[in-house]
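Thanks for sending this one over. Here are my notes, in the order in which I would read the model.

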Amino acid sequence: MELTVSRRQALTMGAGAVAVSALGWSSLPALAESNGFEDVISQFTGGKTPAEERVNLDLPQIADDGNAVPMTITVDSPMTEEDHVTDILVVADGNPRPGVATFHFSPANGIAEVGTRIRMAQTENIIAVAKMNDGSVFMAKKEVTVTVGGCGIA
Amino acid sequence: MAAEVKVKLDKTEASKGELVEVRALVYHPMETGLRKDENGNIIPRKILNKFFCKVGGQNVFSADLEPAISANPYVRFKFKAMESGPVTLTWVDDDGSTIIAHSEITVS
């Protein structure tokens, strides 16, 4: 094997190699460099750097099954016409592709909260970025240790 | 195609301004387009890429979904009860077809 392996890749490779050979996954997009999540965030924020506040990202510390990891996002906002969340972007930095979902809110929600289940290919960071009606952006980031990665994730 | 959908509101009657929680689950493989079959051929992507919820005709919540959303997508969100009416949930498939489910909220 070529020894152009980062520390992060080396750490995940042991478990990854077993899973990959078992599943017959011939290509390894997840073990490439960045999957481009920075660009997705930057496009969403219009180049602004989100402050790490107001967003609460609830994920398990350890997920046994990467195929369905429960996730809840809440954003501290009064959700009035004057001050509300308009969108929440969710990306994963270690999936083959960065995008997970974008949720759209309005004052009709009364509260900025959403729950769903996501696929995670490996131990990686999930990043949630919230955009307010005034254009300001906030974020939260959380690492989840994934025991068995979600197979065939994109 | 008939798809099985489960929709649950935490309350079917609410006072005006009260928050109502919607939980919905739709049976769908959310095929990512990265998996291969036993012959090594890529299984084409087929996911529900969009979800939206209307209450009394007004859009209250929507989502753009990627293949990183789990199979049998589940979503949970809230809306502020303003007037009685149908709660309509729609998912849009990659092939252009839609899955639609209904519930009802009564506001007093």
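**Notes on the predicted model**

1. Let me start with confidence. Chain A has an average pLDDT of 85, with 77% of its residues scoring at least 70; pLDDT is the predictor's confidence in each residue, from 0 to 100. As this is a predicted model, local features need pLDDT of at least 70 and side-chain atom pairs count only at pLDDT 80 or more, while totals for chains, interfaces and linings use all residues. Residues are numbered from 1 along each chain as its sequence is written, and chains are lettered from A and ligands numbered from 1 in the order in which they are written.

2. One stretch calls for care. Over residues 14-28 of chain A, pLDDT stays under 50, and the model has 7 contacts beyond four places in sequence for them. A contact here is a pair of residues whose C-beta atoms, placed from the backbone, lie within 7 Å. Where pLDDT is low, the predicted coordinates should not be read in detail.

3. Now to the sheet that spans both chains. In an open sheet, 6 strands follow the order 1(A)-3(A)-6(A)-6(B)-3(B)-1(B), with antiparallel pairing. Strand 1 of chain A and strand 1 (5-9) of chain B are the edge strands, each pairing on one side only. From one strand to the next, the twist averages 15°, with axes being lines fitted to C-alpha atoms and angles running from 0 to 180 degrees between N-to-C directions. Strands are DSSP runs (E, at least two residues) and helices likewise (H or I, at least four), numbered from the N terminus; two strands pair if DSSP finds at least two bridges between them.

4. Which strand of chain A is largely enclosed by the rest of the structure? Strand 3 (residues 69-75) of chain A is, because 5 of its 7 residues are buried. Buried means 20 or more other C-beta atoms within 10 Å of the residue's own, exposed 12 or fewer, and partly exposed in between, with C-beta atoms placed from the backbone.

5. Strand 1 (residues 55-58) of chain A pairs with strand 3 of chain A in the antiparallel sense over 4 bridges, and Asn56(A) stands opposite Thr74(A). Strand 6 (residues 112-118) of chain A runs antiparallel to strand 3 of chain A, joined by 7 bridges. There, Thr74(A) faces Glu113(A), and Ile73(A) has Val114(A) as its bridge partner.

6. Finally, chain B. Chain B has 8 strands and 0 helices, and 31% of its 108 residues are buried.

Methods:
Two residues are in contact if their C-beta atoms, placed from the backbone, lie within 7 Å.
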